[in-house]
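Hello,

Here is the structure we talked about passing on. Please have it open as you read; my notes follow below.

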Amino acid sequence: MKKYTVINTPVHNIDGIAKVTGQAMYTFDIKLPHMLYGKILRSPHPHAKILKINTRKAKRLTGVKAVVTGKDTLGIKQGIWRRYKELCDEEILARSKVRYIGEPVAAVAAVDEDTAEEALDFIEVEYEILPAVFDPLEAIKEGAPRVHEHAERNINVTRHIEWGDIDEGFKKADYIREDWFRVSTQAHVCMETHNAVASYTPEGKLTVWTSTQSHYYIKVLLADILGLKENDIRVISRYTGGGFGSKFELDSAQFCSSLLSMKLCRPVKIVLMRDEEFMATKRRTPMFYYLRTGVKKDGKFLAKEARVYTEGGAYTSMGATALYLTGFFQTFPYTWPSYRYDGYRVYTNTEPSSAMRGFGAPQATFTAETQIDLIADELGIDPIEIRRKNGMYPGYEVPGQARIQSCGLSQCLDKIEEWIKSRGKLPPNRGIGVAAYGFMSGGIFNWFDTPYAFSSALIQVNIDGKVDLFVGSQDMGQGSNTTLSMICAEELGVRLEDIRLHMGDTDTCPVDLGAWGSRETLMQGNAVKMAAADVKRQILEFAAAKLGPNIVYDLDIKDRWVHLIARPERGLPYYDVVKEAIRGKNGQPLMGRGHYTPHRKGMISPAYSFGVQAVEAEVDTETGKITLKNCVTAHDCGQVINPLGVEGQLEGAMAMAAGYGFTEDLPMDEGKILNPNLVDYKVLRATEMPETKIIEVETYEPEGPFGAKEAGEGLTNPTAGALGNAIYHAAGISIKNLPISAEKVLIALREKKEKGKIKKSGN
Amino acid sequence: MMQDFIYLRANTVKEALDFLEQYKDDSKIICGGQSLLILMRQGLVSPKYLIDIKHLEELNYIKFASQEGLKIGATTTHRALEKSSLIKKRYPVLVDMEKNLASIQTRNWGTIGGNLAHGDPAGDPGPVFIALNAVVKTANKERERTLPLEEFFIDFFETALEEGELLIEIQVPAIPPKTAVAYEKFNIIKNDQGVVSVAASITVDDSGIKCKDARIVLGAAAPIPKRAKESEQMLRGQKLNDRLLDRAAEKASEEAEPFADVHATEEYRKFLVKALTTKMLKKSWEQAKKLI
Amino acid sequence: MAKHLLRFTVNGEYHELYVKPKRLLVDVLRDELGLTGTKRACNTGACAACTVLLNGVSVKSCSVLALQADGAEITTVEGLADGAKLSPLQRSFLDHGAYQCGFCTPGMLLSAKALLDENPKPTKEEIREGIHGNICRCTGYNSIIRAVTAVAKGKYKEK
């Protein structure tokens, strides 16, 4: 019999028909009887005291039903790092002070959107403008304006990672280099903006439909900030139109619509406009990066010192995690005998920076991989060879941090090397750049302070053999609904169409922490597998009774066939066994439970994905314009569960990461984002996307369901670095300041021409 | 947000002109609305009366006669121009320009008249039609008039359209013999509005070396699509060679009055003007030589 | 503000409505007709998630006044399938996983349909240009190109 009958086969996404027919109902589409529409008034100042807010005129406008301000809240400062109260610093609806342009100060509910928006003009806010600070390197100086009273020199969080003796390492080094980088911010640009429909009823229950990556987190955070019991709140999110890290924290749409609804006992819908989405949600953490690296002349890595200052923006948000992960993934995927990282997250009067796909690792990978190519070039070593020489391998332990079990890095390097060779001699002004990465499959941290297992699953098998699978995970497009159904079907031994997935409703689904940090396949997947195994065991008990085999024989189910493993022709149809099993269980459906929480899995994650990406790019030396020609990625996500899903994730990650590399940025002037729209903010379109080739390197990860690991976020890590390296090899210039715009390329080309030699280092 | 307005549908040009005469500056014309609606939705433009001429078939035409040249009605869509075999044959640079303009959706509904009347110096049609020596015909209730397209653009988003006037036709003379026109814009995302753009027209003599006439028009490099007249002067009557083209391009970049924004600095824009002008001069010269 | 009569056909069904002049086509389709398949995702006519077919050609319904569609035939994503029978493009999208979060998918399908209606055998480059107007943040577009290519190659021909 085939090893697997369901996983690793190309299947239709189980939400596919709903999506291609337009039937899928997103929060954006929800319309309830008696519903009102809300709009939010936002601060025009980056830093100011709120002296007075007069809402009388707005309230009197025909069609306006309620206006709320910070005074209508419990004054709770919330944050997603709930375990660390000092990091819970965001009121969302500001009470006495605003700290970034766009921070909410009031919200209106009215009979239609236009009336709500008009009412905003009638709210009078008196501000006392305070001096503001925008650059973290300025904010950290003595005497800089204080964004938060408690944070001296605006230092929000610090992180330190260290192993080995880097001073010894540098002493032994034949070659040492220092580089400074500035890696930029990025906007998530989910196609569905942040939104919520909140409905509070006289029973004292609040229901919130919202576009989210974690309905569980939103439920708990709303309970905290509204003073309600967790389970008097129901959060529903069947379809989410993109997340990418922007939608697992509590946002202004969710909070303000809830406040208004609680006041009126009517549903209130708030949908953020695209400019609000750019200015007043969260964004990728920009960083100032210093790397000092020492290697032996044969390319062996000895010591690395990293120092990072991140532009935190006005609140902690998820920025503390990004600060840690950038320091951790700075060493991936290589073995460093010694390493020291010091990271500082600095408050500034700008939009808070937080989590975005890759979570600090794309920033780390860009800097690390850029420097590695420069080192390789100096030492006359081939870029693949230097990576091979220092690459992680199965069984490697990152001292005090992580144990690498499955690791297909060296096979990935081999495959990419093969492809590069096959390209032969490239036309002029073209280059191929390579970047290697590793990434986590879900984090072990519980800064959220949940008492629950990180993932849980419930299964119920019915008389017709259909399997109800209840999960807490969220599909935001990454395909977890399909992947988890496949895992369930494979483990239980049935077909994908036998699974009925239930998700997206905190009233009926078990707890899962949400779709972030690439945790769903491994963590929710393990919980699902456990629940399926539980129910299978019960089915097999009945089958054993029915078949009466010799005790030495084991049974299994494959493709709806319950059979003896050693004698697969001897068995019973799954449907028949189920019918009798339910009778034997007092007429109760067969039920299974599963859960997963990583215990003793190191400091970061139970398992790591790996990969190597090569980008072929062309530079127009007349204008500096970059064109992507080819992109090949060899990656190791353990056992592939959902191949169409993996392919889609890889290509999508590449497009997003390429944007990070050369087209996307949020330039600001005194804290004001200058391009908060999709005309001036440039995401890649179909015409900029190159042909992509994907090479699967299969490994088996013991920590993951069927050996699977993540495959959606890690793939965002390498592209900016690979692109930068491609430009380096194409034109001999190394740009250390993202994004690599055409103008920067042109200036670098001109400088190179004047200098007459390849740039070695610079800011 | 968009303000309410009184909607007036014009079924004939006469009706449109009557409305314009009646409501004057309280009114605005909408045709494809691909630029106007975006401004109206943000509350930046809020006319009391909106005169809809989208379905004015009277102004939806592409005509050509060898003496008079090309006549395009103002409500002709970009897509119609793009797909016109007549235009591909006689004014291929217009098809090139349209193919790279915005998106298919925009071109399906947006019109050439609407584009020119919007007065955006970064718009694609302006520089190309000026390089082709186009003339626009406008009309009010009393009379019609024509003026060179070059004089139609006055300032940022400001045209020579007077109160009560409607743009009704674009006239393009037949391209003179041994003349080729090339156009290109610089962008990072294909079809995006140019960071800068350059249209260049070169007329050569029978040898193909001497330049009889040159027209160089810069887009997104000044408050209006700008003729780089000094640069043209350097070429007229001269024997062309790469060095001369390079120097003319340098002059064009000096004539540019670019602004800085999130996409580029002034300096980079000037640099791009030079690079694009060099490229377009070379391209149009090459193509003109083939016509000898 | 006086409302005007709007008469048009949407997915083969005739409708008569009175609408305020400032109403956009996308909002009338979504709110008055309840056809929520068509989405709005930006406020500057840049993303084309709102693409519908108007008299057979693709337009951004957020950049068309509803009254300008008077007398027109509109096709939205809801009009692609015939009951349970999905259109060739829809089936190809399913087979190729040419969507992820699905929010841009309705607009994308209509742009692809408009492309193939006009040019049944486009090259890959022509397909890229054909869907250029539509932003997708999830897929990186290549799966969509594959899906459209497969339809162009005749893999979903009706017997």
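How many salt bridges are there between chain B and chain C? The count is 4. Please keep in mind that this is a predicted model.

**Chain B against chain C**

One of the salt bridges joins Asp4(B) to Lys20(C). Their closest N and O atoms are 3.9 Å apart. On the chain B side, five elements each supply at least two residues: β1 (6-9), α2 (36-41), β3 (49-52), α3 (78-83) and α6 (104-109). The largest share comes from α6(B), with 5 residues. By class, the side of chain B that touches chain C holds 13 nonpolar, 10 polar and 8 charged residues.

In total, chain B brings 31 residues to the contact and chain C brings 32. The area buried between the two chains is about 2600 Å². Carbon and sulfur atoms give 54% of that area.

**Inside chain A**

Chain A is split into three domains. Domain 1 covers 16-23 + 454-596. Domain 2 covers 31-130 + 190-243 + 247-280. Domain 3 covers 355-444 + 604-755.

I looked at domain 1 of chain A against domain 2 of chain A. Their C-alpha centres are 39 Å apart. Domain 1 puts 20 residues into the contact, and domain 2 puts in 18. Together they bury about 1600 Å², with 52% of it on carbon and sulfur atoms. Which three residues supply more of the area that domain 1 buries here than any other three? They are Gln474(A), Met476(A) and Thr506(A), which supply 35% of it.

The count of salt bridges between these two domains of chain A is 2. Arg234(A) and Asp507(A) also meet through their side chains in a salt bridge, at 3.5 Å from N to O. The domain 1 side that touches domain 2 has 7 nonpolar, 8 polar and 5 charged residues.

**Inside chain C**

Chain C has two domains: domain 1 (4-79) and domain 2 (88-152). The centres of these two domains of chain C, taken over C-alpha atoms, lie 21 Å apart. Domain 1 of chain C gives 15 residues to the contact, and domain 2 of chain C gives 12. They bury about 1100 Å² between them, 69% of it on carbon and sulfur atoms.

What about charge pairing there? The count of salt bridges between the two domains of chain C is 0. The count of residue pairs in polar contact is 2, both residues at pLDDT 80 or more. Strand β3 (residues 51-54) of chain C gives the most to the domain 1 side, with 3 residues. That side of domain 1 of chain C divides into 8 nonpolar, 5 polar and 2 charged residues.

**One residue to look at**

Please find Asn677(A) in the viewer. Asn677(A) sits in the loop between β31 (672-673) and β32 (691-696) of chain A. Is Asn677(A) buried or exposed? Asn677(A) counts as buried, because its relative accessibility is 16% and the cut-off for buried is under 20%. Leaving out residues up to four places away in sequence, Asn677(A) touches Phe278(A) and Thr44(C).

Best wishes

Methods
Residues are numbered from 1 along each chain as its sequence is written. Chains are lettered from A and ligands numbered from 1 in the order in which they are written. This is a predicted model: local features need pLDDT of at least 70, side-chain atom pairs count only at pLDDT 80 or more; totals for chains, interfaces and linings use all residues. Side-chain values use heavy atoms; hydrogens and water are left out. Helices (H or I, at least four residues) and strands (E, at least two) are DSSP runs, numbered from the N terminus. Buried means under 20% relative accessible area, exposed over 50%, partly exposed in between (1.4 Å probe, protein chains only). Contact means heavy atoms within 4.5 Å. Domain bounds come from an automatic or database domain assignment. Buried area is the accessible area (1.4 Å probe) that two parts lose on being put together, summed over both. Ala, Val, Leu, Ile, Met, Phe, Trp, Tyr, Cys and Pro count as nonpolar, Asp, Glu, Lys and Arg as charged, and the others, Gly among them, as polar. A polar contact is a pair of N or O atoms within 3.5 Å; within protein, one must be able to donate a hydrogen and the other to accept it, and residues adjacent in sequence count only if both atoms are side-chain atoms.
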